Amino acid sequence: MNPTMNRRSFLGNTTLVGAGLAASSVFAAPPAGGAKKVKVALIGCGGRGNGALANFLDACKLLGIEAEVVATGDAFKAKAENAGKKYGLAEGRCFSGYDAYQKVVATDCDYVLMATPPAFRPLHLAAAVEAGKHCFIEKPVAVDPIGARSIIASSAKAAAKGLGVVAGTQRRHQANYLRNKALIDAGAIGKIKGGVVQWNGTVPWTKRREENESDASYITRNWVNFNELSGDHIVEQHVHNLDVAVWFLGRLPIAAIGFGGRARRETGNMFDFFSVDYDFGEDVHIHSQCRQLAGTYQHVGEMFTGTEGSCYGGGKLSGKEVTVPEIKLESDNSMVQEHVDLIRSVMAGKPLNEAKSIAESTLVAIMGRISAYTGQLVRWADLVTNEQSPFYNLACTPAAIDFEKGPIKLPAEVPPVPGKG
Ligand SMILES: NC(=O)c1ccc[n+]([C@@H]2O[C@H](COP(=O)([O-])OP(=O)(O)OC[C@H]3O[C@@H](n4cnc5c(N)ncnc54)[C@H](O)[C@@H]3O)[C@@H](O)[C@H]2O)c1
């Protein structure tokens, strides 16, 4: 026992395992059949979508696989075409409109990368799986319980069809997090008894409504300020840290009690901040805290206290000396590594499927948001099994499908107010 041992001292006397230890042994397997050509398409050609496509191509290079970009899709024509142009795509292969995803999944692509606002993910993943594509789905993957349950259903369908699905929760493909997860599983900090997870930052951007702009166009451009498309920032950003909590603890929370409010956000209908107590059972509570507010203390991370030590996310770990195998990853960039792990698992005939786990982490975040918006205690069962619960079929509207059907009505740009006056 060495309660003061830090991460550096662990590195000196342990060999640690690669991504395979935390998720699946397929990570360690080489691609079957040597080099092969893969065809990839992108839905949602914004900042992350363009980044994810570049990361996918880098992953192919690392694996020695030829890759071809065969289609792009975006709600806006210019965005689909700008993304396609980089790879010499003909205009006819750059699809636009809210039904662009249908045209993308109907192409001859093997892999579809999805990086639209999260509200669209359940519909798009269902279509991609139906079309038999391997998928990369950016986090989060839903904004309401109905959407999260749809992802879980698509996950089962993907598994039955032998399709790979990897999520953009890149910490699960990052050496320092994988190492700490392995050490915790080996007993380095004993039993986790509590913790804090935080995403305290600023509003990513604010887009103003343009003259004569439709409701659909405005909400799509300014989606990070609308609960209906983003799930609010507890879902959109803080899901990363909540996912680490669920992953490190190895179980889901039983219930959440959340607070939140808004004083400064200028557009949309989201909160500025949330503070949520997650009850993980066995007297273990995780405090979740997130805020988007300029000029305030900024911090993103996770901390867990165990019976024998403590651990800061992918950072310092103090506790018992344990030995775990060495981690070997192809890339220091976890946003590349996640594609390496997806492609290699598919080529090895053992496709990784992270759809259920990211749907669950998304639902954990949604559970906190519903509690803060309503002022009520929300149980996990309210969202997954108890059909009588008022929260079970709680739907954010307009829903993804409404955008395809015709004009949508912009939700009021005011935040929810919990409780009674
Ligand atoms: N893993 C990470 O660290 C990370 C980082 C940033 C963003 N993200 C996630 O990536 C996703 C995209 O975020 P972003 O920052 O790229 O946003 P963005 O606004 O830059 O891009 C979203 C794109 O999707 C398009 N779009 C919107 N609705 C569409 C629809 N129905 N069909 C087709 N295209 C549609 C938009 O026009 C836009 O081009 C979000 O889920 C976000 O949470 C993840």
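Visitor: Which residues come nearest to the ligand?
Guide: In this predicted model, 27 residues lie around the ligand, and of these Gly-44, Gly-46, Arg-48, Glu-138 and Gly-168 come nearest.

Visitor: And which helix gives the most to that shell?
Guide: That is helix 3, which gives three residues to the shell around the ligand. Helix 3 (47-63), strand 2 (66-74) and helix 5 (100-105) each supply at least two residues of the shell.

Visitor: How do the shell residues divide by type?
Guide: The shell around the ligand divides into 12 nonpolar, nine polar and six charged residues. Domain 1 (11-171 + 334-353) and domain 2 (192-321 + 360-405) each contribute at least three residues to the shell.

Visitor: OK, on to the domains, then. How many residues of each are in contact with the other?
Guide: On the domain 1 side there are 21 residues, and they are in contact with 30 residues of domain 2. Helix 6 (121-130) and helix 7 (145-161) each supply at least two residues of the side of domain 1 that touches domain 2, and the largest share, three residues, comes from helix 7. By type, the residues on that side of domain 1 are 15 nonpolar, two polar and four charged.

Visitor: How far apart are the C-alpha centres of the two domains?
Guide: The C-alpha centres of domain 1 and domain 2 lie 24 Å apart.

Visitor: Changing topic: which residues of helix 4 are buried?
Guide: In helix 4 (residues 77-85), the buried residues are Lys-79, Ala-80, Ala-83 and Gly-84. They are on the same side of helix 4 because they cover an arc of only 130° around the axis.

Visitor: What covers them, and what is on the face turned away?
Guide: The cover over the buried residues of helix 4 includes strand 1 (37-43), helix 3, strand 2, strand 3 (94-96) and helix 5. The face turned away from the buried side carries the exposed residues Ala-78 and Lys-85.

Visitor: Last one: is Asn-212 buried or exposed?
Guide: Asn-212 counts as exposed, because it has 6 C-beta neighbours inside 10 Å. Asn-212 is found in the loop between strand 7 (192-201) and helix 9 (215-221), and its phi is near 60°, a positive value in a residue other than glycine.

Technical notes: Residues are numbered from 1 along each chain as its sequence is written. This is a predicted model: local features need pLDDT of at least 70, side-chain atom pairs count only at pLDDT 80 or more; totals for chains, interfaces and linings use all residues. Domain bounds come from an automatic or database domain assignment. Two residues are in contact if their C-beta atoms, placed from the backbone, lie within 7 Å. Helices (H or I, at least four residues) and strands (E, at least two) are DSSP runs, numbered from the N terminus. Ala, Val, Leu, Ile, Met, Phe, Trp, Tyr, Cys and Pro count as nonpolar, Asp, Glu, Lys and Arg as charged, and the others, Gly among them, as polar. A residue is near a molecule or strand if its C-beta atom, placed from the backbone, lies within 6 Å of it. A residue is buried if 20 or more other C-beta atoms lie within 10 Å of its own, exposed if 12 or fewer, and partly exposed in between; C-beta atoms are placed from the backbone. The arc is that of the directions from the helix axis to the C-beta atoms.
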